[in-house]
Amino acid sequence: MKTIGLIGGMSWESTVTYYQIINRLVQERLGGFHSARCILHSVDFHEIEACQRAGDWERSGELLAEAAHGLERAGADCVLICTNTMHKVADVVQAATSLPLLHIAELTADELEAAGVSTVGLLGTRYTMDFYTRKLVERGITVLIPEEDGRAFVNRVIFDELCLGTVSESSRRAFAAIIGGLTARGAQGVILGCTEIGLLVRPGDTSARLFDTTEI
């Protein structure tokens, strides 16, 4: 069994989900008492979030690169960044290690192509909805994002609620309405492009086809 290197803590709420999914899948495939061999470097999200607000992507990239290098020294066979937003610095992280980095946007594009989806809605932080769109467009996928007020609302809920462990029914209804708006504009499915959104929105909350990047 290979050892998975996880860069987590952004936020820790969603890193828990990664740990659960990975171990569940290992048990399903291997049975018995098998669980995943993994090494977690959990950063202090306060420092990362401050870099995001300040636009200091160079410093945040350095922090995650140091984490990736440490995971390699500790014996990991691959690296995952347990957040969509920080894939903005994925190239910097990859350059710091000889290990393969599993890029969440590339894997999501693979899933969309396999599903025959050519036009997709995207929800995420204000940082994610920028670079993530470019990554998918490079793969020939048309990306629809909410209007400005919708983007601001999604970003606020992620940081002010979900990252702090708050799951609000009113926010769930509002997200469902935003998803409905994207499908009305032609989206064949909607990407939950933030690892926390899956804590709020479930398949039963909307008729839209959801692509949860954490699950992918």
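## Cysteines

A disulfide is a pair of cysteine sulfur atoms within 2.5 Å. In this predicted model, local features need pLDDT of at least 70 and side-chain atom pairs count only at pLDDT 80 or more, while totals for chains, interfaces and linings use all residues. Residues are numbered from 1 along each chain as its sequence is written, and side-chain values use heavy atoms, with hydrogens and water left out.

A search of the whole structure finds zero disulfides. For cysteine 51, the closest cysteine sulfur belongs to cysteine 163 and is 15 Å away, which is too far for a bond. Cysteine 82 is likewise in no disulfide, the nearest cysteine sulfur being that of cysteine 38, at 9.3 Å. Cysteine 51 has 7% relative accessibility and therefore counts as buried (under 20% relative accessible area, with exposed over 50% and partly exposed in between; 1.4 Å probe, protein chains only). Cysteine 82 is also buried, because its relative accessibility is 0%.

Helices (H or I, at least four residues) and strands (E, at least two) are DSSP runs, numbered from the N terminus. Strand 1 covers residues 3-8, and six of its six residues are buried, so the strand is largely enclosed by the rest of the structure. In a regular strand the side chains alternate between the two faces of the sheet. Here Thr3, Gly5 and Ile7 point one way, whereas Ile4, Leu6 and Gly8 point the other way.

Two strands pair if DSSP finds at least two bridges between them. Strand 1 pairs in the parallel sense with strand 2 (residues 37-42) over six bridges, and isoleucine 4 has cysteine 38 of strand 2 as its bridge partner. Strand 1 also runs parallel to strand 3, joined by four bridges; glycine 5 stands opposite valine 79 in strand 3.

## Nonpolar cores

A nonpolar core is a set of buried Ala, Val, Leu, Ile, Met, Phe, Trp, Tyr and Cys residues joined through side-chain atoms within 4.5 Å. The largest has 41 residues, and those with the most contacts inside it are Ile7, Met10, Leu64 and Leu123. Elements that give two or more residues to this core include helix 2 (45-54), helix 7 (148-160) and strand 6 (190-192). Helix 3 provides the largest share, six residues.

Leaving aside neighbours within four places in sequence, methionine 10 is in contact (heavy atoms within 4.5 Å) with residues including Val43, Leu64, Ile81 and Cys82. A second, separate core has 24 residues, among them Ile22, Cys82, Leu112 and Phe211.
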